[in-house]
Structure formats: C-alpha cells, structure tokens
Amino acid sequence: MTFKVDLNCDMGESYGVYTLGRDEEILDYVTSANIACGFHAGDPATMRKTVRLALEKDVAIGAHPGFQDLHGFGRRDFQLSAQEIYDLVVYQIGALSGFITAEGGLMQHVKAHGALYNMAAKDPVYAEAVAEAVYDVNPALILFGLAGSELITAGNKIGLRTASEVFADRTYHADGSLTPRSEPGALVTDANEAIVRVVRMVQEGKIQTMQGSDAELKADTICIHGDGVNALTFAQKISQSLQEAGIMPAKVSEIV
C-alpha cells in the first residue's frame, strides 16, 4: 500500500534585524510552507522573500495567521470575540495573498499559528470564526487543523477542504491534544525518535501518548517547526525516512 503525506513547515518568521529559522534550506525538504503574516512574526520584506523562495522551489504556500503578539511569538492566549478572530484572520490572509499574487503564485492553504491554533482546536467558537474567515476569503483554500480537533470539524461543516495535521516534534496527551510547551516532555528533540513516531502516525494512524496509551489520528500533513533548534536536521531526516518507508511526500492539495 502506497501512502502520501504532506510535509509542512512554519517559516517567514524573521522580522526587522532579527533572523529566525533556516527557511531557504528547509524549503528543499518540505512540500508546503506556512508563512507568517506579520502579527506573531514576519514583516513585509520577509513575506515577499519567503513567498519568492517557496515558488522557486515549487513548495505550496499557506498563510500562517496568529495573534498580534510579537513579544510572545503568538504563543500567549488572548481572549477575543469571534468577530475579532474573524477579522485578524481575514486581514493576515489578505496581506500574504498580495505578495503571492505579485509573485505570480497561488495560495494553497491556511494554518493558524500558536495559541490561536491551539485555542481553535478546543473552542468551537474560535474554530468557527477561523473557518468562516478562510471560507469567506476563498472557499477553495484548504484549512489545516490539529487531527481530530474542533478546527477540522468547523472546516468540514462550512464546506472547506481540511487537512488533518500531526506534529513530528511534539508529544500528545491521551485525548489527542498536544502536550503544552509548559509541561516536561512536550518537545521531541531526537530526530530518530521523531521518525519512528511519524511513520507510525502515517501508516497506522496512531501515536503513543504521554499517558502510555495510543491515540488514533489522521495524518494528512506533518509539521516541522521552522524555529526549532534541529529543524533542518528534522526536515532532512524525516523526508528521507518517509520515502524509505514507502511514504511519498506530496502537496496537501494532492491528498485531501
């Protein structure tokens, strides 16, 4: 049986004089790029450069909207209304879309960032606001969401194509949620361990949780965090190991 999976990375997160990640090199090993839109990270020049690089390397592009929180890198919870969530997602999709159009490309997907992503995974109100924003901007866009989460439910309900996402460098709780970064063991730092976990998620649809039990999940796309210390090594090894296991990397638009 042949499996296909998308390999995505959060990138375009440098801004001003601050450089974050190794985007140009990582783009050689992924099939989709989630580009920051200036709220949690990124700036206009970085957005333009990252879009251009992705198009040159034939990597599909998605908007990566987050809370307006440069100091916290978008990883702090904000209590906003559904209308505020809708507005910030529309705004950020629009900002990145301008650069993609200017460079002659098309946007494939939208993936919320950080705290917005995690809150929308659990809160139907947040999830529906994100899904509605994506749908109203362009119903042909694919919505990324944590496998089994409210975000996937909201996207399917409104009529979007959705991509169930799993994480190469994060651990899980028994309910299928990600282990919070504030808890010990939240991050997987060993590339070989990450590879074993990823292959099992794709082939078996299961992951061993922090509680020792297995959680079932669907894996359309695998995330590697571009700001991670070992991000490039992870991308290289996971891409190679997936192919050795008979799992072919493919853009998510070819999968869902």
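Trainee: In which loop is the place of F73?

Mentor: This is a predicted model, and F73 has a positive phi of about 55° there although it is not a glycine. At 15% relative accessibility, F73 counts as buried, because the cut-off is under 20%. Its place is in the loop between β3 and α3.

Trainee: How far does helix α2 reach from its first C-alpha to its last?

Mentor: Helix α2 covers residues 44–56, which gives 13 residues. At 1.5 Å a residue, the expected reach is 18 Å. The reach in the model is close to that, at 18 Å.

Trainee: What arc around the axis do the buried residues of α2 cover?

Mentor: The buried residues of α2 are T46, M47, T50, V51, L53 and A54. An α-helix has 3.6 residues a turn, so residues three or four places apart point the same way.

Trainee: Which exposed residues does the face of α2 turned away from its buried side carry?

Mentor: The buried side of α2 has a cover that includes β1 (3–11), α1 (23–26), β2 (32–36), β3 (60–64) and α3 (82–102). The face turned away from that side carries two exposed residues, P44 and E56.

Trainee: Leaving aside its neighbours within four places in sequence, which residues is T50 in contact with?

Mentor: T50 is found in helix α2. At 4% relative accessibility, T50 counts as buried. Beyond its neighbours within four places in sequence, T50 is in contact with M11, G12, D23 and I35.

Trainee: How many disulfides does a search of the whole structure find?

Mentor: Take C37, which is buried with a relative accessible area of 5%. Its sulfur is 15 Å from the closest cysteine sulfur, in C9, which is too far for a bond. C223 is in no disulfide either, with the sulfur of C9 as the nearest cysteine sulfur at 6.7 Å. The number of disulfides found in the whole structure is zero.

Trainee: What is the relative accessibility of C223?

Mentor: Buried means under 20% relative accessible area. C223 counts as buried because its relative accessibility is 0%.

Trainee: What is the radius of gyration of the protein chain?

Mentor: The secondary structure of the protein chain comes to eight helices and ten strands. For 256 residues the globule rule gives 18 Å, and the chain is close to that, so it is as compact as a globular protein of that length. Its C-alpha atoms fill a box of roughly 40 × 35 × 35 Å along the principal axes. The radius of gyration is 17 Å.

Trainee: Of the contacts with a separation of 6 or more, what percentage do residues 24 or more positions apart account for?

Mentor: Buried residues make up 54% of the 256 residues in the chain. The protein chain exposes about 11100 Å², and carbon and sulfur atoms supply 50% of that area. For contacts with a separation of 6 or more, the share from residues 24 or more positions apart is 71%.

Notes. Residues are numbered from 1 along each chain as its sequence is written. This is a predicted model: local features need pLDDT of at least 70, side-chain atom pairs count only at pLDDT 80 or more; totals for chains, interfaces and linings use all residues. Side-chain values use heavy atoms; hydrogens and water are left out. Helices (H or I, at least four residues) and strands (E, at least two) are DSSP runs, numbered from the N terminus. The expected span of a helix is 1.5 Å times one less than its number of residues. Buried means under 20% relative accessible area, exposed over 50%, partly exposed in between (1.4 Å probe, protein chains only). Contact means heavy atoms within 4.5 Å. A disulfide is a pair of cysteine sulfur atoms within 2.5 Å. The radius of gyration is taken over C-alpha atoms; the globule rule is 2.2 Å times the number of residues to the power 0.38. Accessible areas come from the Shrake-Rupley method with a 1.4 Å probe; for residues, only the protein chains shown count as cover.
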